[in-house]
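Dear colleague,

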Amino acid sequence: MAEKFDIIVIGVGSMGAAACYELLRRDPSRRVLGLEQFEIPNARGSHHGYCRAFRTAYFEHPDYVALLRSALNLWREIEAETQTKLLHLAGGLYMGRPESALVRDSIRAARLHNLPHALLSRAELASRFPQFCVEGDAVGFFEEQAGYVRCEKAVQAYATAARQRGAELHEFECVQFWRAGPSGAHVTTDRDTYEADQLLITAGPWAGRLLAELGVELRVTRQVAAWLRPAAAEPFASERFPVWGIDPGADGRPCGIWYGFPLTPETPGLKIAHHWPGQPCDPQTVDRVATPEDVAPLGEAMRRYVPEGHGDLVNAQVCLYANSPDGHFIIDRHPDPSMHDRVTIACGFSGHGFKFVSVVGKALAEIVLEGRSSEPIDFLGLARFAHQT
Ligand SMILES: Cc1cc2nc3c(=O)[nH]c(=O)nc-3n(C[C@H](O)[C@H](O)[C@H](O)COP(=O)(O)OP(=O)(O)OC[C@H]3O[C@@H](n4cnc5c(N)ncnc54)[C@H](O)[C@@H]3O)c2cc1C
């Protein structure tokens, strides 16, 4: 007979680990099972690579700012519970032409939400942050409430805290099939079958396989990050060198953002990546080895924008984005009326979800336990795709 749980979480990566913890924090009496196909954390989905940028003046959409305020408090809470430093805030610097999306819309979010920030002319940029080399009429936007989250450590911390609060987390157990209806939810894995009252699907790049019936395209792309060792470490320590982004777009044409991090104790060099959907891929068959062709543009960007940061390649990793059609997250109940009250979905984090892990975990736990979240997440619902399905 299938073992019975109150809640089953499919995928214990970024969002799933935080949700398992938040479910038990809110209601310790629930039996929670988390099913993860690999180890927790792992380097095959979206949450590896040591660090993720945290920003508050959110250029992607100002509605995320309220969520980021909650996220910040919740990061501090999980840090306190696990005695692990996860979020380092030493400032964020975003550069580009005044009309670039990164600069223009960071300013818009900061003004709308009264976020402390400083605008830097090209000359101010050069004197305050001489490590950067920007072009033409580029300017800078600096905010102190930015920095980085240690991503694998965060997933580990949430999973450990969830287990300590009573969650059963199974590693190396892959969900092959699920169904839900008025009588409950049923999950079949490569090892067993389970039943539950509630199902939460947080499968990252594999969500498209488990949620094909939604009819919403979740395009998985192959993303490469590289780490280069600068000749001198000192100028790139976090006290001096912020998390940064450069939008080289002209004429408002989006072309992605080059971004990077300061040196951190666990990163073997200066990390650089390109925030822009890479090659479409299948998470089952993707080539997980970064090639010289993958790394060359990252080295060129470092040489161009942070010349003294360029140095020997010390690491390169392939990671996956799971892109929603509009680049915004999908957090909602399943739209099918027969399973609406039993199945919750969080996917399509489109390469910018990690900083929100703490608040998404909370929002998901609230939806599962209470039917709705106290966080302002309506703009992330499936209704926005209704005309497409
Ligand atoms: C290179 C790169 C850089 C990024 N930079 C940033 C950044 O600077 N700032 C930021 O905020 N965000 C960033 N992101 C995005 C962020 O990391 C993701 O949005 C976030 O990790 C997505 O979390 P997730 O839970 O959806 O996916 P994941 O963390 O991948 O978790 C999904 C989990 O589900 C498991 N799973 C899937 N299917 C099954 C199944 N059938 N059975 C059992 N388990 C299953 C997977 O194995 C995986 O562990 C970046 C992403 C990448 C790839």
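This is a predicted model: local features need pLDDT of at least 70, side-chain atom pairs count only at pLDDT 80 or more; totals for chains, interfaces and linings use all residues.

In total, 38 residues surround the ligand, and the closest are G11, G13, G45, G204 and G353. Two or more residues of the shell come from each of α1 (14–26), β3 (51–54), β13 (219–230) and β18 (311–323). Both domain 1 and domain 2 contribute at least three residues to the shell around the ligand.

The domains themselves are as follows. Domain 1 comprises 3–46 + 152–216 + 326–388, and domain 2 comprises 92–144 + 219–323. Their C-alpha centres lie 30 Å apart. The contact between them involves 13 residues of domain 1 and nine residues of domain 2. On the domain 1 side, the residues that touch domain 2 are five nonpolar and eight polar, with no charged residues.

Leaving aside residues up to four places away in sequence, I8 touches L33, L35, A185, V187, Y194, A196 and L199. In soluble globular proteins, nonpolar side chains tend to be buried together.

W206 is found in the loop between β12 (193–201) and α6 (207–210). W206 counts as buried because 25 other C-beta atoms lie within 10 Å, the threshold being 20 or more.

Most residues other than glycine have a negative phi, and most peptide bonds are trans. A cis peptide bond, with omega about -10°, joins I40 and P41; P41 is placed in the loop between β2 (32–35) and β3. N114, which is not a glycine, has a positive phi of about 50° and lies in the loop between α3 (101–112) and β6 (118–120). N114 is exposed, because it has 8 C-beta neighbours inside 10 Å. F172, also not a glycine, has a positive phi of about 55°. F172 sits in the loop between β9 (168–170) and β10 (175–181) and is partly exposed, with 13 other C-beta atoms within 10 Å.

Yours sincerely

Definitions and conventions
Residues are numbered from 1 along each chain as its sequence is written. Helices (H or I, at least four residues) and strands (E, at least two) are DSSP runs, numbered from the N terminus. A residue is buried if 20 or more other C-beta atoms lie within 10 Å of its own, exposed if 12 or fewer, and partly exposed in between; C-beta atoms are placed from the backbone. A residue is near a molecule or strand if its C-beta atom, placed from the backbone, lies within 6 Å of it. Domain bounds come from an automatic or database domain assignment. Two residues are in contact if their C-beta atoms, placed from the backbone, lie within 7 Å. Ala, Val, Leu, Ile, Met, Phe, Trp, Tyr, Cys and Pro count as nonpolar, Asp, Glu, Lys and Arg as charged, and the others, Gly among them, as polar.
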